[in-house]
Structure formats: structure tokens, C-alpha cells
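Colleague: I am new to this structure. Please pick a single part and take me through it closely.

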Amino acid sequence: MQSVRIALKNGADFEGFRRAARQSVARDLPPDRVDWSSGAEPSLFGEAVASEGIAPPLSLPRAAGELIAQVVCHRDPERFALLYRLIWRLLHGEHALLEVHSDPLVHRLETMRKSVRRDLHKMHAFLRFRETTDPDGEARFVAWFEPEHDILAATADFFVERFRSMRWSILTPGGALHWDRERLTFGPPAHKSDAPDGDAFEAAWRRYYESTFNPARANPKAMRQHMAKKYWHNLPETAAIPELLRTAPQRAREMIARGAALPVKRDPALAVAAMADQGPRTLEELNRLIAASEPLTPGADRAVLGEGPIGAEIAFVGEQPGDQEDREGRPFVGPAGRLLDGVLAEVGIDRTKVYVTNAVKHFKYEPRGERRLHKKPNPGEVKRYRWWLLKELELVRPHFVVALGGTALLSLTGKPLSVMKVRGAIQFDGVPGYATVHPSYLLRLPDEVTKREAMATFRRDLERVAAMVAAPPSRSS
Amino acid sequence: MSLLKILLTNYCLFDCAYCINRRSSNVERARFTVDEVVALTVNFYKRNYIEGLFLSSGIVRSPDHTMEQMTLVAKKLRREEGFAGYIHLKTIPEASPWLIEQAGLFADRLSINLELPSAESLRSLAPEKDAGTIAGAMGQMHERIAEAKEDRRRFSPAGQSTQIIVGADATTDAALLTTSAALYRDYGLRRVYYSAFSPIPAASAVLPLKPPPLQRENRLYQADWLLRFYGFTPEEVAASGEDGMLALDVDPKSAWALKNRGRFPVDVNTADREALLRVPGLGARSVDRILAARRHTRLKLADVGRLARSVKRLLPFLVAADYRPPTALADKAELRPQLAEAPAQLSLF
């Protein structure tokens, strides 16, 4: 039987190969009857197949598609014949063929794929841009590279992804890629002389490269394995390598010959003291740190800091700022804060002698349209803010600490305690304190009777707090 | 990965004997500003010299101050330069815990150097460092990385790693590997880097002047892989050498096989994954390919040759459909020299 001749475009003609393979399968042409060539004369182009319109897609394992896309980049003239043979076998009873790496055809294609992958990797690693200026005055970065296979198109996504915000061009002997921050265009084959021959940053890069070289650990073999010599002539940093390797043994010998050096006398006590004396020493310093730091929960950027006098009689610790607190940048100014103020006045606690703060300093919320719905911080987040709260209380030195709600209790004790179970007098690291509910809990209770009862209990809690603060501090269990 | 690996400064308050930048060294001192490091990173990155930044620093003023400056570099790169490259920050374990939290928001990887494998060595060679502080910081970081993964938040997405200096003290390979296994287990480390101590200009008098052989570092990395991907315990790997030191002439897997000759040959068509992983010359990928291929075919020696890197190395250890090793392994005396690689590296001394 006569064989059918298929001519594809030069290089990695993936589309052409796919079209031709579909048509050949549709015509039931076994591999022996198809004669694949690429880069052939136009007169032979598509002689038998390409003109016959579109054949249905082939149903191949997913892994086959990936293999084909990479192997078409290989420069081996047999690549299309080998790939068609694979397709044929996959469709004729050997659907799992790609799992059999011991098969000579699969092994050969995998070896080709490996070679293409290595080439891609080397291009990603060893391509060097040089800066030029476009006619409109903007910077363009241009690189010259000589890949081993036809990988220019295959590599485009990588460079677009990495250098999306720059204008750049990659020139190769097989074609060019241009990126203008929005569109990618392909250009004709280029010459090395089309690329700029230097860049102002290359000197700095070379200096860096040379100074990271350790003569005592020089390993020429590993060096060449990583960066094969064929890439050297296009890399700015490689010029120094032969000299570095040549002088390495001598430099290492000299270091050893010089022997141990006499130490410089510096006072270690001073240095060690300086080191230990770190971290905020005043509340202002701590607050500056907190304000400058990124939130440790997802949510608002603004840290809401504690308020009140140093050495306050009582410190109230809440959960986290709410919507209104975040807007105003002050703690306990929302509905829960107003409720607390009211009860404090009722039980005779002087608000000006009170320090108020939160376990978590940022408002964690979920956007729901225009509104920001409060979200409870999780234990991990509470723990992250704990260092700040404990430092804050250490600097404020309150005589008495009240935990409002479970989050405050968790932060102050480091333990997940139930407010309802431990409600009452408690010690926080040696400081007398009290655990009760958060006022926002009272606001959330739906039914009026329960709410009234809970309010009364909360008021009694604060009355006890007032009494305990007025009386000399007593040890409680 | 090619990273711009620099120090923010080589001024240092610490006096670690193995480090050229130790307080008592008379090395020349220099420092970068935060903006200089940012500009250098961005410009090198734009030219594709580097894929990212690996920033470390001597301790200046205080650990907190130093850590803040390093974090500021990462923050500026991300926020002001829109830098999407890789950032690895060498964390300072003596810094306050909240600073590590901040660093994790901007870095891809954080690392804390263990430096020396025992508290005793640390006390004598790095007097300002403390094993407990280092372990505490690793623990904190491990917890945060795990939490962030669960909450799908960004916090050091490429995990944490550490570095141990090899050859500056008398620690054996066995002790090093036991330490590494514990680090992988307790702190979920991605990598332990073994950095052979090398003679430095103006070395401290308490250190050996001769570096450990390059091969030791290499053997430790091979052994480390056996722990992580080949199901070996640190005890098994250590027992492959003598007196707690790995063999230098053959790789640790071959050394183990030579001491456990009774476990071979292994039948490539029937052996389970664990047994195949123990065959010298069979990598994890080859083993997976063998397992996949033999579901469809009985493997002959030529097939194995296409599945593994080199069939010659495997000959004493494998049985295939058409092959058995001619002599029992236990009787082969010349096996060890066969498994030894050609001396790859000439000594520079």
C-alpha cells in the first residue's frame, strides 16, 4: 500500500500535528503508512491530509496530551512519527501504555521529554535581560538566548507570568517573543547582534557572583553540572569562573597558612546587655509597634489600642474592636461600650480610673454588602495577640483585671476556659481579677426576660468587682 | 533556585566561633540600608539574574531591631515594588515572637538556624545562643505555619528550614541524623541543610583548621533523603557506617545493603515498594515506575534498564524475569569497591 506523506511546519508545530494526527486516525492510517516530515518544501505541504478539513478530536489519556505538547518541541526529526505511533497504540488496545515506562517507545519519548524539560529549565534560569529604551522613552528588557529545542512558544507563559509588569523581548535564532504588558507577539528569527551588548547592572552582578565563591569549597564538577559550559558565552557572570577555579587552591592554602587570627578585644558584657535590653519599655513604644504592625487576623488594618491611665485601678479586657471602634480607632465606644459605661456608673466605678483594652487589636469581620459582620477570632489568632496584651498589662500595671468574655479569658490565662464555669474571682498571673461575660453577649440575648436577668447578674458581678477593688486585695481560690 | 544571598550587615553582637562575622573577628564591616537591598533585589530580578532574595543578617543593636529591618525589606518588596519573587528570611530566634509573625506575612520561607547539633556545642562555640530559645522559635513557627494552612492564610507558604554546621565540633553523623529526624518530626521542617564548616579567613583559634571532607556533607544529604523518602530510620542509616560516622567510600544506601546482604536479591516483579526502595541504585521515581509497569507486564532485565538510571549497579541486588545474580551476595568480596564511585573530587590540600 502506498504511504501518505504529511509535511508540518518547522519546529514545534503542535496544532499542525494534532490536525494531521486526527485526520490520519479518522482515515484509519496505521503508523507504517504515514510518512512525517517537517519544514519541508511548500509543494509537499499537506499533500494527502491537510486539505481534507477537520477530523474529530481523539480521546487520549490526559498524560498523553501533556507528553505530546512537550515532545513536539524536541529537535529530533522523528518526533512526529514516534508520537503518531504512540497515539495509534493508545487507541488500539494499549490504553494504559503510558504507565509502562519499560516499553521502548515510551522510554524514548520520556527521554525526549526530559531533554525538553531540561532545556526549558535552563532557559528559565540562564536567560539574562539587558535594559534598553523604547522609542517612547520607556524601558524595555531584551534577552538573547539559544535554546537546544524549539521551546520559545512553550516558555512564553513562564516569562509573561514572571515579568508581567515589564516590557520585554526574547530573541532566539528560531524566532522572537515580545511582551508589551498586555499582548504577546511572535517575531522572526533574530541575531545576537540585535540584542544590546551590555547592561549597567552587570558589573554589580559579576562582583556579587565572584564574592560568593568560596575557594575552600570549590567543586568544578558540580558547577558545570548546574551550569553547562555551552551557556557560558551568553551569561554575564561566567567570565570570571576559570580564573576563580584556577586560583581557588592557592587562596584556600593561604587562608590556612595565615592561621588563627588574634581576636579583636570587644567587651562582650556590653554587647550581651544590649541584646537582652530589647522590646518596648513604655506603653507608648508598645503602642507604636502595634500600630505599625500588620494585622495578625484577616480584617481591618487599623489597630485599636487600649485607653486609660497607667497604674489604673481596674483593667477591663474585651474581645476585639467592633465596627464602630474600628471607625473611631478607640476601644469600647460602640453599643457594648456604652452598656459597660452605664453599669460602671451604676455600681460607682470611676470610669476615668479604668483602663480598657481588647485581647485582639484588630477588627475581624466578614463583608456582607455594605455591612461588616463581626467574626469571632479563633484560638490561634488570640494566641498570636497574647504577647502584646500581656506586655500591655505589664506596662499599665493595673491593680485588678476583669476578663469580659471567653476570648479575654483565653488570652489572659492561655487556657480555653468556659466563662459560665469560672465566672467570679480569679487570679491572672498573680494579679487579682474577675471573669464575667462580655457586654455584647447581653445585647444579643433575644428574649426580654432572659436579658433582664442577665443584666442583673452582670451588674452584681461589677458590684463585687467594685467591692473587691475597694477592699484590700484578698486571695481567692 | 538562584537567589540573591546577602547579609543586611556583617556587624554582629554575637561571638560564634565558626562565623567570620563574629564580634571578635577583625573582618571589615559593612551594611546595606533597607532601600539598597530592595533596589538591588528588584534590579537583579528584572534582569532574571535571580529568582528571589535570601536575606540574613548579623545582629546589630538588638535581635528585635535586626529582625524588624529584615522584615521591612520583605514588606517593602511586596507592598511598594509589587515583588512576586521568592523571599527567604533567616529568622533571628532571639527576636520577640511577634516579629516572627510579621516576617511570615511577607516571606515565602522562614528559617531558623540550629547551627550546632547539641546544647553543649552551642554553649562552647556560640555563647550568646541558647538551644531552648531556638527550639521555642521553631515550635512557634511550626504552629503558625500549620494554623495558616488550615485557615488558608498566607504565612511562610514554603515552610521552614534550618542549617546545621558540620565539622566544627565532634558530633557524629549518627547524632546529626537523629537530630534531623527529630526536627522533621517535631517541627515539620521542609529541609535540614548541612553546611560543612570551612576554614574562614581569620579563623577562631578554638576551631579545627582543616575542613571536613566535601564528601561528608554529600553523604549526610544522601542519608537525609533516606530518612525522608526511603523509609529508613536514623539508626539504620547510622549503622551502615562505623562508630557513628557514615562511610565515605560508598553512599549510605549501598553501605546499608553491604551490611544487610541477606536481604538481597529482591525480585523486581514481586517485591513490595519498601523492599525496592532499599535497592542501591533504585530511586523513588524508578520504584514507582516499576510498580506501575509491572501491573501490565513481567519485567525483564532490559525493561529494568529503561526504568532505572543504570542497570549495572543493580545487577547484584535484583532478580528479573530473565535474570538472577550469578553468585550469592554474601560471598562476593569485591562488591564494595564496585559500588564505590570514582573519586569525584580531588582534595585541594
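What follows is a close look at one helix, then at the partner chain.

Modeller: Keep in mind that this is a predicted model. The part is helix α3 of chain A, residues 79-91. This helix has 13 residues. From its first C-alpha to its last, α3(A) reaches 18 Å. That is close to the 18 Å expected at 1.5 Å a residue.

Now its buried side. The buried residues of α3(A) are Arg79(A), Phe80(A), Leu83(A), Tyr84(A), Leu86(A) and Ile87(A). Look down the helix axis: these buried residues fall within an arc of 155 degrees, so they line one face of α3(A). What covers them? The cover includes two strands of chain A, β1 (4-8) and β2 (34-38). It also includes the helices α1 (14-26), α2 (62-71) and α4 (104-126) of chain A. After α3(A) comes Gly93(A), with a positive phi near 90 degrees.

Next, the partner. Chain B holds 14 helices and eight strands. Its C-alpha trace spans about 70 × 45 × 35 Å along the principal axes. Of its 349 residues, 47% count as buried.

The two chains touch. Chain B gives 53 residues to the contact, and chain A gives 48. On the side of chain B that touches chain A, the elements with two or more residues are α1 (34-46), α2 (63-79), α3 (97-106), α11 (284-293) and α12 (301-307) of chain B. The largest share, five residues, comes from α3(B). By class, that side of chain B has 22 nonpolar, 15 polar and 16 charged residues.

Key
Residues are numbered from 1 along each chain as its sequence is written. Chains are lettered from A and ligands numbered from 1 in the order in which they are written. This is a predicted model: local features need pLDDT of at least 70, side-chain atom pairs count only at pLDDT 80 or more; totals for chains, interfaces and linings use all residues. Two residues are in contact if their C-beta atoms, placed from the backbone, lie within 7 Å. Helices (H or I, at least four residues) and strands (E, at least two) are DSSP runs, numbered from the N terminus. Ala, Val, Leu, Ile, Met, Phe, Trp, Tyr, Cys and Pro count as nonpolar, Asp, Glu, Lys and Arg as charged, and the others, Gly among them, as polar. The expected span of a helix is 1.5 Å times one less than its number of residues. A residue is buried if 20 or more other C-beta atoms lie within 10 Å of its own, exposed if 12 or fewer, and partly exposed in between; C-beta atoms are placed from the backbone. The arc is that of the directions from the helix axis to the C-beta atoms.
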